[in-house]
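Take a look at the sequence and the 3D view below.

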Amino acid sequence: MKAVIAIDSFKGSMDSIEAGEAAEKGIRRVFTDAETIVYPLADGGEGTVQALAKGLGGRLEKVKVTGPLGEPVICEYGIVEEKTAIIEMAGAAGITLVQPELRNPLNTTTYGVGEVIKDAIGKGCRHFIIGIGGSATNDGGIGMLQALGAEFLDEGGKQVPFGARGVEKLAAINCEHILSELKDCDFRIACDVDNPLCGENGCSHIFGPQKGATPRMAEQMDQWMGKYAKLTEEYFQEVKKLSADVAWNPVDSEGNYASNYPGCGAAGGLGFAFRAFLRGKLEPGINIVLEEIGIETAIKDADIVITGEGCLDGQTVMGKAPIGIARLAKKYGKPVVAFSGAVTEDAAACNQAGIDAFFPILRQVTTLEAAMSPATAIRNMTAAVEQTFRLLKMSFIYGKRI
């Protein structure tokens, strides 16, 4: 038997690799000669840095950067094979870094995200995987680009201030002094929303309120974003005319400055900044992770695929990691079994989405604190997988397949 195991982290209990290794132990208790392969799994959101850095044999780096309110914070990111940086923007500009009473997108900046990228470039990275969920910002990514050397200027020719207030004051753009190494870099952006930069479905109206914006503020920020998009388009149209004389020209035939491109509104317009200024590709997070970990070939040759996450529910089918695994497995007609800490009633939707069967790993009534104990979670995972594979073995003995 060949089993491919890729389980998302159980937050607060097991990371992705720990969960996978616990499942592997359960399989081997039944099929002692089984061939098992454990892969890291994440969907581009929280936990992606830890999962991919550990699972792909990389290392974690810590760097002091400018936090969302301008104060220093320590951001952790991963480096794999000395050339790939794995970054979560929330580590430098996330909403959890701002106390609820201080949340105000007029003031919060993505400057620290640019500082993390710059640090990784200095360490030799040229390939970037960046998750942009959980932001506290609505600055259109201007702060990040300023940290990388771009100039976003007010009417007086000075760099605009941090936050959406900087977008308000924006009068001119100049990328002449942007970090030269960026021309050799590529960016894959884990983006799981399709909102444009501006309009009623844009970042200011849809995501602004959860970051502290009032309705009036959201309307103003949307107008500022429209002006920002227009200035960006005008700047790059001029750059195209002078392309032989400028050092930095990220525009391609698609016209990457198009602010209505799906995902440009992600993270308060950070998606737009990556696409327009850094040639970033906005993609579903799980697609990026599955490609980067190289799991497809192993699934193609597998007899069974094991996946899971902390809680299987109706939201799991909306692009979360276990469903990404299931869809890939079904491409090759492979059976998929999932394990989770908890299962809700609406998790039945997972069966229609490619997970053939799913099981909670809890073995007795207990407190949430006790259930989430790492030692208990690992033990429960191993036991649940063992019993499932005993049933599978019984079906083989009787010459049937479940």
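Why is β1 largely enclosed by the rest of the structure? Five of the five residues of β1 are buried, so the strand is largely enclosed. Bear in mind that the model is predicted.

**Around β1**

In a regular strand, side chains alternate between the two faces of the sheet. Both faces of β1 are covered. K2, V4 and A6 lie on one side, A3 and I5 lie on the other, and all are buried.

β1 has β2 as a partner: the two pair in the parallel sense over five bridges. Within this pairing, T36 in β2 is the bridge partner of A3. Helix α1 (residues 16-30) belongs here too, because β1, α1 and β2 make a right-handed β-α-β unit. β1 also runs parallel to β11, and three bridges join them. There, V4 stands opposite V305 in β11.

**The five-stranded sheet**

These strands belong to an open sheet of five, in the order β2-β1-β11-β12-β13, with parallel pairing. β2 (35-39) and β13 (357-360) stand at the edges. Each has a single partner strand, so one side of each is left without a neighbour in the sheet. Neighbouring strands here are turned by 20° against each other on average, direction ignored.

A338 stands opposite F358 in β13. Helix α12 (residues 321-331) lies across β1 (2-6), β11 (304-312) and β12. The helix runs at about 160° to β11.

Leaving aside neighbours within four places in sequence, E309 is in contact with residues including I7, D8, S9 and F10. F339, S340 and G341 are also among its contacts.

**The six-stranded sheet**

A second open sheet has six strands in the order β3-β4-β5-β6-β9-β10, and its pairing is mixed. Strands of a sheet pair through backbone hydrogen bonds, either parallel or antiparallel. Which strands stand at the edges of this sheet? They are β3 (59-66) and β10 (281-283). Each has a single partner strand, so one side of each lacks a neighbour in the sheet. Neighbouring strands are turned by 25° against each other on average, direction ignored.

Inside this order, five bridges join β6 (residues 127-131) to β9 (residues 186-190), and these run parallel. H127 stands opposite D186 in β9.

| Strand pair | Bridges | Residues opposite each other |
|---|---|---|
| β1 and β11 | three bridges | V4 and V305 |
| β6 and β9 | five bridges | H127 and D186 |

**Helix α4**

Helix α4 (residues 111-122) lies across β3, β4 (72-80), β5 (84-88), β6 and β9. It runs at about 135° to β3. α4 has twelve residues and reaches 17 Å from its first C-alpha to its last, close to the 16 Å expected. Which residues of α4 are buried? They are G112, V113, G114, V116, I117, A120 and I121. Just after α4, G124 takes a positive phi of about 100°.

Notes: Residues are numbered from 1 along each chain as its sequence is written. This is a predicted model: local features need pLDDT of at least 70, side-chain atom pairs count only at pLDDT 80 or more; totals for chains, interfaces and linings use all residues. Side-chain values use heavy atoms; hydrogens and water are left out. Two strands pair if DSSP finds at least two bridges between them. Helices (H or I, at least four residues) and strands (E, at least two) are DSSP runs, numbered from the N terminus. Axes are lines fitted to C-alpha atoms, for helices over the stretch in contact, and angles run from 0 to 180 degrees between N-to-C directions. Contact means heavy atoms within 4.5 Å. The expected span of a helix is 1.5 Å times one less than its number of residues. Buried means under 20% relative accessible area, exposed over 50%, partly exposed in between (1.4 Å probe, protein chains only).
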